[in-house]
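This briefing covers selected features of the structure shown below. It begins with a single residue and ends with a whole chain.

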Amino acid sequence: MEMTEVRPIEGYRVPQGCRDELLDEDGAPRPHAAPLIATLQRLGPEALQAAGRRRDTIFMQQGITFEVAGTDGERRDRPFPLDLVPRVLTAAEWTTIKRGLAQRIRALNAFVDDVYHAHEIMRAGIVPWSLVVSRPCFARPVHGVRAPGGIYCHVSGCDLVRGGDGRWRVLEDNVRTPSGISYVLENRLAMTRLMPDLFAGHHVRAVDHYPSLLLDALRAVAPAPEGNANVVLWTPGPLNPAYFEHAFLARQMGVELVEASDLVVRDAVCYTRTTSGLQRVHTIYRRLDDDFIDPLEFRPDSLLGVPGLVRAYRAGTVAIANAIGTGVADDKAVYVYVPEMIRFYLGEQPILDNVPTYLLGDERQRKEVVARLGELVVKPTSESGGKGVFIGPQASAAERERQARLIEQRPDQFIAQELVHLSTAPTEVGDGRLAPRHVDLRPFAVFGDEIRIVPGGLTRVALREGSMIVNSSQGGGSKDTWVLDDGTAGELAPATLPTQRPPELPDVRYGGWHGQQQQQQQAALMHGPT
Amino acid sequence: MLARIAQELFWLGRDLTRAEHTARMLDGAFHADVGVAPGERGMALSWEGVLVIIGAKPAAPGEEEVQSAPVAQAPGRGEVARLLTLDTETPASIVSCVARARERGRTLRDVISTEMWEALNSSHLALGRYDLQEALRTGPYSVFQEVKERCALFWGLVDRTMLRDEGRSFLEAGGRIEEADMVLRMLRVAVPGEPSDGGHESEALALLRAVGGSQAYRRAVRVGPTLGAVARFLLYDGAYPGSVASSVQALVGALSTADPQPRSSPPVLRLERLIADLELQRRTDDARGKLDDTLARVQTELELVDRDIDDRYFTIAGLAAVHL
């Protein structure tokens with residue numbers, strides 16, 4: 001291996017107050033990432049650049065793209081921006097995250113059940129009922145309907161961030177239709193093809209069993225006799241930005257990808273229209289919002305919906321994942337109460353903390369927030385994808401004033417949060433050099449018989465220097481996320497096979513006109529020194 | 001047709017299919033290799049397993065003591081990739097397979113279509129273009145991809161441009177017997193002798209990927225990929241074109257077309273018995289423990305078919321070669 005003069009990591013400066021995932025304050029690799037950093041330095045910047053070019057070609061070829069609006073306003077496909085430097089988590093870090101998430105999701109699930117049934121947490125005076133019913137995602141039509149198996153949040157993806165103190169915090173819950181898992185799987189596959197050398201010296205836990213986990217969970221909640229569940233994935237259609245993921249998951253699970261026109265409800269039973277007549281559907285993994293699923297119960301102008309679906313759901317003939325009405329649990333105003341939910345429903349202390357958050361409906365908190373607007377982050381409660389987020393330290397005086405006015409007008413529609421200095425990770429910034437960029441983490445959990453979480457998740461990275469907005473719609477990229485295996489993996493490790501000798505196979509033949517001679521010669525070569 | 005021509009066509013089909021399956025297998029092994037702790041993976045797609053499949057076998061259990069120069073370490077990614085991908089000295093490597101196929105094609109230019117020849121020749125030239133060291137350093141995924149695509153192109157051209165005559169039947173027979181053999185080899189190495197339940201999912205996924213059948217499996221089989229279910233799929237499922245059952249069926253079809261008297265052809269008769277036997281096994285085989293026996297038996301049978309084909313159609317060619 002020839003030595004290169006330029007190293008990818010040089011003059012690496014971690015921003016003030018942030019923690020870097022792979023390097024310590026002095027710029028030395030953290031122990032768990034040492035082999036990775038050494039390999040990167042050895043390969044040099046040219047290798048990173050070359051791999052980047054191959055990545056773009058392969059992604060364009062495979063159609064792993066997303067649409068961006070060009071300067072001329074025309075939309076065009078770009079290869080999904082996968083950064084070639086993985087983010088690495090230790091087994092111990094992952095154990096904490098995994099336990100914390102499982103706990104949180106169990107509480108959120110209990111909350112959804114509670115909201116539509118007993119209202120215990122509201123009666124206990126912990127979460128105000130008026131707040132819950134005023135959420136736009138509160139689904140009156142499913143009041144009193146218990147989802148099959150008592151599971152509402154089948155698929156969830158909570159966004160985690162890590163502050164300068166090294167602690168993990170939950171920034172947002174997402175228990176409606178979180179997307180991004182397809183990139184987790186595609187990123188890993190691409191990394192093994194583009195940069196196989198990086199894996200040397202690390203034992204990275206596999207992620208490719210996610211489709212099986214999901215399918216198992218969807219089958220587990222199906223109101224069908226064992227083994228006969230017909231599961232479908234319902235997409236709004238090819239124009240949806242996440243259509244790639246819908247098709248990917250359907251393909252990986254081997255289930256039908258359906259649109260509204262494929263589904264029909266007769267006598268409170270849901271069917272697909274097939275070439276051999278109507279076929280009963282047991283579980284629908286839907287990737288569209290409550291509002292659109294049934295024009296008879298929700299938005300009457302929805303053309304994407306299936307009339308009568310809610311009726312079938314109420315009758316218990318079909319399971320819908322995630323269940324209708326889960327949106328109340330991931331509303332940004334309800335988020336504040338999640339630690340209390342964990343204590344109330346589970347009797348446990350939260351393992352993962354919230355980011356300190358202020359509700360602006362409360363007058364005292366609002367006054368304080370408006371006074372400190374320059375240091376805080378303000379988010380609209382019912383938006384997603386980074387829309388309408390106000391970041392105090394980066395806002396001009398005029399922007400601050402405008403935001404203060406908005407808050408005074410409609411205090412209920414905003415929350416304010418302390419600014420978390422997102423941790424950074426070395427990221428390729430063109431010309432093969434690495435620089436720190438801010439990252440978050442979205443692990444994906446599946447809740448069927450039990451909660452299973454795929455090791456790692458989607459690491460999103462803000463590609464612009466200093467930016468903390470990681471959403472891919474706003475210039476974010478992603479990284480392959482490694483969870484290292486220290487041998488104590490437990491739940492998801494492949495079973496250890498007994499070391500065994502391979503069976504004796506007959507020799508491989510080489511034949512043809514000059515077969516015999518060739519075969520002997522070749523056999524000699526094959527068994528000779530290699 | 002000339003026995004020599006028939007035999008060369010038969011082996012042309014075999015060489016190309018071997019190249020394609022080697023590429024698929026290495027791609028699967030590469031993917032399985034990264035990120036899995038040593039010892040966690042069984043034989044399925046370890047690099048040692050790959051070597052066994054491709055016929056560079058380590059010592060059998062009994063031979064270990066008498067082996068004079070024991071292998072110091074299990075072969076690793078770099079070494080196996082070098083051997084089996086672009087090493088012209090190794091007869092089992094992808095380039096060697098393609099080179100042999102192209103040499104055969106050169107002597108068959110009057111029989112095969114010009115487009116087929118050009119596809120063969122350009123495959124050979126394209127592989128020669130790769131810088132060996134560079135490809136190995138950056139991961140030879142692109143090489144595997146190219147091999148797969150070029151093989152598909154060749155078989156597509158066979159379909160479009162070659163007369164449906166005896167020659168084509170031998171070409172296809174070669175391709176199908178090789179495919180059945182490669183899949184059987186992979187299965188025999190991957191499926192553990194002692195049945196055990198659970199786990200193995202990543203093992204099973206790697207196996208599917210190494211054959212190129214993940215998606216077909218997901219659509220066809222309603223249970224998650226366990227080693228047993230995947231092995232059954234690859235062995236029995238007639239709807240999947242790469243399964244042993246499909247290959248054997250196509251092989252008997254090709255030979256029956258080529259042979260003027262298929263009813264008295266030993267390979268055809270043997271294959272028909274094998275097909276019936278496979279079908280019987282598929283319907284009765286519930287105990288997982290028997291699977292490795294079945295695999296061994298099918299492979300032995302297929303070896304006999306191979307000899308029968310030699311005897312019935314090519315022996316004359318072989319004799320002639322000796323006398324040359």
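B:D237 is buried, because 20 other C-beta atoms lie within 10 Å of its own and the cut-off for burial is 20 or more. The model is a predicted one.

**Surroundings of B:D237**

- B:D237 sits in the loop that joins α11 (227–236) and α12 of chain B.
- Leaving aside residues up to four places away in sequence, B:D237 touches B:A220, B:S243 and B:A245.
- B:F154 is 83 residues from B:D237 in sequence, and the C-alpha atoms of the two are 25 Å apart in space.

**Helix α12 of chain B**

- Helix α12 of chain B covers residues 244–258.
- Its 15 residues, at 1.5 Å a residue, should span 21 Å, and the end C-alpha atoms are 21 Å apart, so the two values agree.
- The buried residues of α12(B) are B:V244, B:A245, B:S246, B:S247, B:V248, B:L251, B:V252, B:A254, B:L255 and B:A258.
- B:A245, one of these buried residues, is also among the residues that B:D237 touches.
- An α-helix has 3.6 residues a turn, so residues three or four places apart point the same way.

**A three-stranded sheet in chain A**

- In chain A, 3 strands make up an open sheet with the order β4-β21-β22, and their pairing is antiparallel.
- The edge strands of this sheet are β4 (155–157) and β22 (451–453) of chain A, each of which pairs on one side only.
- From one strand to the next, the twist averages 25°.
- Strands of a sheet pair through backbone hydrogen bonds, either parallel or antiparallel.
- β4(A) pairs with strand β21 (residues 444–447) of chain A in the antiparallel sense, over 3 bridges.
- A:V155 has A:V446, in β21(A), as its bridge partner.

**Helices across the sheet**

- Helix α2 (residues 91–116) of chain A lies across β4, β21 and β22 of chain A and runs at about 140° to β22(A).
- Helix α6 (residues 210–220) of chain A also lies across β4, β21 and β22 of chain A, running at about 30° to β21(A).

**Chain A as a whole**

- Chain A contains 14 helices and 24 strands.
- With a radius of gyration of 26 Å, close to the 24 Å that the globule rule gives for 530 residues, chain A is as compact as a globular protein of that length.
- Along the principal axes, the C-alpha atoms of chain A fill a box of roughly 85 × 65 × 55 Å.
- Of the 530 residues of chain A, 46% count as buried.
- Among contacts in chain A with a separation of 6 or more, 69% are between residues 24 or more positions apart.

Note on methods. Residues numbered from 1 in each chain as written. Chains lettered and ligands numbered in written order. Predicted model: local features only at pLDDT ≥ 70, side-chain atom pairs only at ≥ 80, totals over all residues. Helix = DSSP H or I, 4+ residues; strand = E, 2+ residues; numbered from the N terminus. Rg over C-alpha atoms; globule rule 2.2 N^0.38 Å. Buried ≥ 20, exposed ≤ 12 C-beta atoms within 10 Å, placed from the backbone. Contact = placed C-beta atoms within 7 Å. Pairing = 2+ DSSP bridges. Axes fitted to C-alpha atoms, helices over the stretch in contact; angles between N-to-C directions. Expected span 1.5 Å × (residues − 1).
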